[in-house]
Amino acid sequence: MRKILAIDVGGTFTKYAIMTGTRKFKIAAKDKFPTVKTNHEEFLASLADVFNANSDAEGIALSMPGLIDTDKGVCISSGALKFSNGHCITEELQAKCGVRVTVENDANCAVLAEVKSGSLVDVKDAFVLVFGTAVGGAFIHNRKLYRGAHFSAGEVSFQIKSIDGVADEDNFLGYKLGTLGFRKMCAEVLNMPVEEVTGEMIFDLIADNDGDILDALHKYAHGVAVMIFNLQVLFDPERFALGGGISERQSFIDAVKDKLDELYREAPLYLPRPQIVACKYHNDANLLGALYHYLKS
């Protein structure tokens, strides 16, 4: 039986899982820790520490944010981990751990998992949106991942919010529509520090029909629906799969569908609309996709 370590680096937490199997793999164990954001050396050491605690793994399947040259294993650019820009992550981590390492963009990992055995097994063209600190995106065309000329296809977070905006974090759409942006909206309503507002707290209030938090959810869902509407016009996929931990909340999925319905009802002409579903693997999609990329590379 093979044993592979999958690691998913996020803007807030780094998750990892021990994957075991032969033809089919399963998650044997998983955990997470706060993502190290001090410098590249300490970041890389944190990943090596995970491997050292699981050193019988045959290799490392890495998922991380940013523009990733999967052929060379280089992090071209990463908003959350700027110190890693230009580094060959695969070579450096392999030198520390002595095993084979592969790396893929996190949203690309999510779409690979969903196409392989998740919510996109039966479609040719689809888009995945993964909601975390920002929003990750990935597009499949004819069941193949579309990377773009510079490995930047699907980087939906960096759309500018308004036609008179500038290209900085305050104006990038993904920072408004990431789950941190939603927590900030709710924190303002609750008059609490954002650090004290958790997703569990928010959705408990939604379940209790708290009017102010429901309004915040609908405002947030409208922004997500606008993003989907615009991407549908550009790429015309059959289906959007929404991922990240928030995708496990049916109230979020329903709110996005309702707001998308409103947009299409108000459109002055016929425009084809996509199906909206939750990713089957939610928070585990990036880990599973990293594994699939490792096995196919």
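Reader: With which side chain does the side chain of N108 make a polar contact?

Author: In this predicted model, the side chain of N108 makes a polar contact with the side chain of E104, at 3.3 Å.

Reader: Where is N108 found, and is N108 buried or exposed?

Author: Buried means under 20% relative accessible area. N108 has a relative accessible area of 6%, so N108 is buried. N108 sits in helix α3, which spans residues 106-117.

Reader: Which residues does N108 touch, beyond those up to four places away in sequence?

Author: With those set aside, N108 touches G137, A138, L145 and R147.

Reader: Helix α3 also packs with α9. At what angle do α3 and α9 pack, and how far apart are their axes?

Author: The angle between α3 and α9 is about 80°, and their axes are 7 Å apart. Angles of 65 to 115 degrees count as roughly perpendicular. That makes α3 roughly perpendicular to α9.

Reader: Which residues meet in α3 and α9, and how do they divide by class?

Author: On α3 they are D106, C109, A110, L112, A113, E114, K116 and S117. On α9 they are A285, N286, L288, G289, A290, Y292 and H293. The residues of this contact of α3 with α9 divide into eight nonpolar, four polar and three charged.

Reader: Turn to α6 and α7. At what angle do these helices pack?

Author: Helix α6 (residues 199-207) and helix α7 (residues 211-235) pack at about 110°, with 8 Å between their axes. The two helices are therefore roughly perpendicular to each other.

Reader: Is the crossing of α6 and α7 left-handed or right-handed, and which residues make the contact?

Author: The handedness describes which way the near helix is turned from the far one. Here α6 passes α7 in a left-handed crossing. I202, L205 and I206 of α6 make the contact with I213, L214 and L217 of α7. By class, the contact of α6 with α7 has six nonpolar residues, and no polar or charged ones.

Reader: How does helix α5 pack with α7?

Author: Helix α5 covers residues 179-190, and α5 and α7 pack at an angle of about 150° with their axes 10 Å apart. An angle over 145 degrees counts as roughly antiparallel. The helices α5 and α7 are therefore roughly antiparallel to each other. Their crossing is right-handed.

Reader: Which residues make the contact of α5 with α7, and what are their classes?

Author: From α5 come T179, F182, M185, C186, V189 and L190. From α7 come D212, I213, A216, L217, K219 and Y220. The contact of α5 with α7 has nine nonpolar, one polar and two charged residues.

Reader: What is the phi of H282, and how accessible is H282?

Author: H282 is not a glycine, yet its phi is positive, at about 45°. H282 is found in the loop between β12 (275-278) and α9 (285-296). At 22% relative accessibility, H282 counts as partly exposed.

Reader: Is A207 of helix α6 buried or exposed?

Author: A207 lies in helix α6. Exposed means over 50% relative accessible area. A207 has 59% relative accessibility, so A207 counts as exposed. The C-alpha atoms of A207 and K161 are 30 Å apart, with the two residues 46 apart along the chain.

Reader: Where is F252 found, and what is F252 in contact with?

Author: F252 is found in helix α8, residues 250-266. At 0% relative accessibility, F252 counts as buried. Leaving aside neighbours within four places in sequence, F252 is in contact with F131, F203, L217, Y220, V224, L242, I246 and S247. The C-alpha atoms of F252 and I276 are separated by 11 Å, and these residues are 24 apart along the chain.

Reader: Is H40 buried or exposed, and which residues does H40 touch?

Author: H40 lies in helix α1, residues 40-52. At 4% relative accessibility, H40 counts as buried. Not counting residues up to four places away in sequence, H40 touches F83, S84, H87, I89 and E92.

Definitions and conventions
Residues are numbered from 1 along each chain as its sequence is written. This is a predicted model: local features need pLDDT of at least 70, side-chain atom pairs count only at pLDDT 80 or more; totals for chains, interfaces and linings use all residues. Side-chain values use heavy atoms; hydrogens and water are left out. Axes are lines fitted to C-alpha atoms, for helices over the stretch in contact, and angles run from 0 to 180 degrees between N-to-C directions. Helices (H or I, at least four residues) and strands (E, at least two) are DSSP runs, numbered from the N terminus. Angles under 35 degrees count as roughly parallel, over 145 as roughly antiparallel, 65 to 115 as roughly perpendicular and the rest as oblique. Contact means heavy atoms within 4.5 Å. Ala, Val, Leu, Ile, Met, Phe, Trp, Tyr, Cys and Pro count as nonpolar, Asp, Glu, Lys and Arg as charged, and the others, Gly among them, as polar. Buried means under 20% relative accessible area, exposed over 50%, partly exposed in between (1.4 Å probe, protein chains only). A polar contact is a pair of N or O atoms within 3.5 Å; within protein, one must be able to donate a hydrogen and the other to accept it, and residues adjacent in sequence count only if both atoms are side-chain atoms.
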